Amino acid sequence: MENLVKVLIADDSRVTAADCATAFRQAGFYAVAVGCDEVLSTALPMRPQIVILSSGTGSGRTIRALKSITDSPPLIIAVTDSRTYEHTYINAGADRCIARPVSPSELVTATLALMLAKREKPCESEHRMRGIEQEITDIIRRIGIPAHIKGYHYIRTAIMLVINDREMISSITGRLYPTVAQLCGTTASRVERAIRHAIGLAWDNGESMEWREYFGSLYTRGKPTNSEFIAVIAERLRVEHSASFHYDTVEQLTLF
């Protein structure tokens with residue numbers, strides 16, 4: 001536990017908090033799930049580096065309290081039911097707001113992105129990572145991958161990982177699939193099948209113009225493989241943003 005990044009997850013739904021905690025543990029974090037009314041009493045002795053807080057009445061006060069309870073305040077991700085109060089939570093000290101619905105695996109990915117961003121200049125790098133995340137989402141939706149299937153989330157995670165560490169694509173079976181599986185709480189074989197299925201759906205139902213835009217001459221050769229699909233999008237974004245992040249394990253992202 002001493003070497004793990006500590007995450008405190010607070011949600012009014014105990015089931016939701018527990019599911020999120022499981023996803024974080026599978027990704028290599030030390031995670032504790034509590035109700036929102038217990039977050040402050042748990043945070044003081046625990047001293048978490050990350051707090052995932054389900055926002056609601058009094059969340060602004062809770063965020064300000066979390067930021068003041070130690071000399072090294074935690075990074076706080078506020079999960080909101082509406083964008084209406086996002087400005088309030090950010091002003092109170094939240095480092096990021098995420099609107100529901102959001103899956104446990106997406107929270108893990110967002111947390112990793114935030115941790116990576118905080119290792120550089122906070123404002124610039126966090127803005128860049130959020131921009132890259134949004135671009136990935138826009139690209140795969142335009143290509144025709146449905147947001148409700150598992151492969152959609154696995155592809156998003158895989159592209160982010162390859163942007164941060166391009167060597168992963170050369171070991172897609174040995175490194176990339178297992179890492180995505182760890183982050184998303186599944187198996188490498190299921191990740192591979194789900195990504196292949198998602199690409200197949202998009203290939204059959206997507207617009208050829210979108211495929212040509214992103215894959216160029218590769219499009220004329222037929223449906224891309226999993227590695228080709230991920231590599232093309234990741235490299236395009238890497239070049240556009242000059243991304244230089246790298247990590248191998250969660251432990252390398254320790255903040256304090």
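Helices are taken here as DSSP runs of H or I with at least four residues, and they are numbered from the N terminus. On this basis, in what is a predicted model, Lys223 is found in the loop between helix 11, which spans 217-220, and helix 12, which spans 226-241. With a relative accessible area of 45%, Lys223 is partly exposed, because that class lies between the limit of under 20% for buried residues and that of over 50% for exposed ones. When the neighbours within four places in sequence are left aside, the residues in contact with Lys223 are Ile199, Gly200 and Trp203. For Gly200, the separation from Lys223 is 23 residues in sequence, whereas the C-alpha to C-alpha distance between the two is 7.5 Å.

The chain as a whole contains 12 helices and 5 strands, and 51% of its 256 residues count as buried. Among the contacts between residues at least 6 apart in sequence, 62% join residues that are at least 24 apart.

The packing of two helices was examined next. Two packed helices are described by the angle between their axes and by the distance between those axes. The axes of helix 8 (residues 172-184) and helix 9 (residues 188-205) come within 8 Å and cross at roughly 100 degrees, which means that helix 8 is roughly perpendicular to helix 9. Helix 8 contributes Tyr177, Pro178, Val180 and Ala181 to this contact, and helix 9 contributes Ala188, Val191, Glu192 and Ile195. By class, the residues of the contact of helix 8 with helix 9 comprise 7 nonpolar, no polar and 1 charged.

A search of the whole structure for cavities of 30 Å³ or more returns 2. The largest cavity, with a volume of about 60 Å³, has a lining made up of Ser105, Glu106, Thr109, Glu133, Ile136, His153, Arg156, Thr157 and Met160. At least two residues of this lining are supplied by each of helix 5, helix 6 (122-143) and helix 7, and the largest share, 4 residues, comes from helix 7. The lining of the largest cavity divides by class into 2 nonpolar, 4 polar and 3 charged residues.

In terms of class, the lining of the second largest pocket holds 4 nonpolar residues, 6 polar residues and 1 charged residue.

Two features of the backbone remain to be described. Most residues other than glycine have a negative phi, and most peptide bonds are trans. The peptide bond that joins Arg100 and Pro101, by contrast, is cis, with omega about 0 degrees, and Pro101 has its place in the loop between strand 5 (96-99) and helix 5. Arg47, a residue other than glycine, has a positive phi, near 55 degrees, and is placed in the loop between helix 2 (39-46) and strand 3 (50-54).

Conventions. Residues numbered from 1 in each chain as written. Predicted model: local features only at pLDDT ≥ 70, side-chain atom pairs only at ≥ 80, totals over all residues. Heavy atoms only, no water. Nonpolar A, V, L, I, M, F, W, Y, C, P; charged D, E, K, R; others polar. Axes fitted to C-alpha atoms, helices over the stretch in contact; angles between N-to-C directions. Parallel < 35°, antiparallel > 145°, perpendicular 65-115°, else oblique. Contact = heavy atoms within 4.5 Å. 1 Å grid on protein atoms, 1.4 Å probe; cavity = no way out; pocket = protein on both sides within 12 Å on 5 of 7 lines; lining within 4 Å. Points joined across faces, edges and corners; volume = space filled by probe spheres on them. Buried < 20%, exposed > 50% of the residue type's maximum accessible area, 1.4 Å probe, protein only.
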